[in-house]
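Subject: Structure for you to look through

Dear colleague,

My notes on what was found follow below it.

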Amino acid sequence: GRILGHERMLKGDLFPSGRDKSLGDQIDEAPNFRPSTSNGRVYGTGQPSVRGLKSVVGHLWKSNGGAAPVTWINMRQEPMVYINGKPFCVKDRDAPFQNLEQPGITASGVREREHLLKYEILAEASHFGGSILLHGERDVVPAGGDALRELAAWGEVYAYWEKVETVETVEEVFEQLDRELQVARQASHAASKAANQLLASAGARSSEASGKAVEFFRVPVPDEKSPDPEHYDALAEALFGKRDGGRAPDLQQGLVVFNCQLGRGRTTTGMSAACMLLACGPSTPLVEGDHSAERADTPPPLILGSLRRAFVGSGGDSPQTVAGTCPASPSPPTASSVDSMVAPLLAAMRGEGPSRAILVAGKKAADPPCPCPAQQFADGAIAGCARLQDIKAAVAVRADKAVSHAEAARAALLQSSAEEGPRDAKRQRVDITEMRKFLNKERGELEVGTQYLLRYASLVLLAECLLDRHDAGESREDPNERAVLGFSTWLKTHPNTFKILGCLNNLSLCPGS
């Protein structure tokens, strides 16, 4: 098939090392579920099964005191499907622990591919007596040790045949869930009908909800990558855009849930962005479009100081941060010199990719002596969503590891050069192998760390955009235009990148700069 070809396989999203058992709320078949402490109505989770999905919504309704509408944002780019109520995604057979990348694909493109995948599975099952070959993963148990406990540690992949009872796309699962939840919600409302009628007769607002119980959105971001500006625009549309029938989203009672495969990187980034967006709200001129319907029920526009204090805490602002200024930023960082003995090999291993100098500079930029308002705003949102993944701290962790591996490679080379006397070919191969091992590790840390740096930078720039639009008080010319954040447009209209990136000590993320 076009999606499930001979070189592809279906691998389950639920596997032993995919759950962090240190998180407080443990929901069966919904790994890594947790709330944000920045905004109690924002949650994250790994890809749940159908049963896990229902448990999540049930938990949300119970903990929030009623059948609140749920906006569910799936940030996966890789095609996936539900087989017998369990989530599976397509993998390359040669790379079972990596997700497929589909550069530039849209939400509608993912939807089309998943519908095609569904029919390819049904067609293949019909050739094998109604069964399909699936793949799972089990813990690797070292000799005399316990099972691996590191999150997302590679386990042992195994194949098995399963009788196909149901095959559903993720959108079909949510459509069915919404129908079931609306029936349950209507039954709950019927029990309180008399109370609602009493409220209505007194001129009060009825508590009866309308519209969908759970609404599904897809914002496809590549795995382990930073969202593009257009992805943030799509998040704002999902949060603030008009629903079917032109109704406004319920921003007072509504809940927001993000998920990716593990519920770690993409989910945490989405949660952090949503906390900032919701803190500002549609009542402030941060998104285009008409939101007059919900303005009566949303708080008044928040001033810059209260936006910061919502996340920074009650410790008080310094005079510099109140004024919105920071000490003068140093010049943009330049690549540090590399020891001449390892420079050629480092260049060969890195090619045109991310440099250690940029990542180390990014570590320093993420923790300046006096962060500017946008950085404070973003840092607070990130900290509130960091129970599973701390985006800011990851920059420093990866930078330190990259430096450590580079120093180990240099030490190995220096030791080899210091040895006297002739060396045979075998010893030379051992030296080169040892050096390459550390350099490969460094390169891996650089690639991952640069993506964390890009995520962090994009969130700081998003915060700058929100605060800038709040201060500017932009008006909306077209009252019928749907809600669009316009982050990508804002970036294009701010060519002074050094000023925008001043929050990061003028760190440039552009290749070759």
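The expected span used here is 1.5 Å times one less than the number of residues in the helix, while helices (H or I, at least four residues) and strands (E, at least two) are DSSP runs, numbered from the N terminus.

Please keep in mind that this is a predicted model, in which local features need pLDDT of at least 70 and side-chain atom pairs count only at pLDDT 80 or more, whereas totals for chains, interfaces and linings use all residues. Residues are numbered from 1 along each chain as its sequence is written, and side-chain values use heavy atoms, with hydrogens and water left out.

Nine of the twelve residues of α5 are buried, so that helix is mostly covered (buried means under 20% relative accessible area, exposed over 50%, and partly exposed in between, with a 1.4 Å probe and protein chains only). Among the buried residues of α5 are His231, Tyr232, Leu235 and Phe240.

Helix α12 (residues 373-384) also has twelve residues, which at 1.5 Å a residue should span 16 Å, and the 17 Å between its end C-alpha atoms agrees with that. α12 is mostly covered as well, with eleven of its twelve residues buried, including Pro373, Phe377, Asp379 and Ile382.

**Salt bridges**

Side chains of opposite charge can pair when their charged atoms come close. The structure holds 20 salt bridges, each being a side-chain nitrogen of Lys or Arg within 4 Å of a carboxyl oxygen of Asp or Glu.

Asp379 counts as buried because its relative accessibility is 16%, whereas Lys392, with a relative accessible area of 21%, is partly exposed.

Another salt bridge joins Asp28 and Arg51, whose closest N and O atoms are 2.6 Å apart. Here Asp28 sits in the loop between β1 (8-12) and β2 (34-35), and Arg51 in helix α1 (residues 50-63), so that the pair links distant parts of the chain, 23 residues apart. Asp28 counts as partly exposed at 46% relative accessibility, and Arg51 likewise counts as partly exposed at 46%.

There is also a network of salt bridges that links Asp13, Arg76, Glu78, Asp223 and Arg266.

**The largest pocket**

The largest pocket holds about 1500 Å³ of space. A pocket, on a 1 Å grid over the protein atoms alone, is an open set of points where a 1.4 Å probe fits, with protein on both sides within 12 Å along at least five of seven lines, and its lining residues have an atom within 4 Å of a point. Grid points are joined across faces, edges and corners, and the volume is the space filled by probe spheres set on the points.

The pocket is lined by 43 residues, of which Trp154, Glu224, Arg264, Arg398 and Val448 lie nearest its centre. Helices α6 (265-280), α13 and α14 (425-472) each supply at least two residues of this lining, and the largest share, eleven residues, comes from α14.

With best wishes
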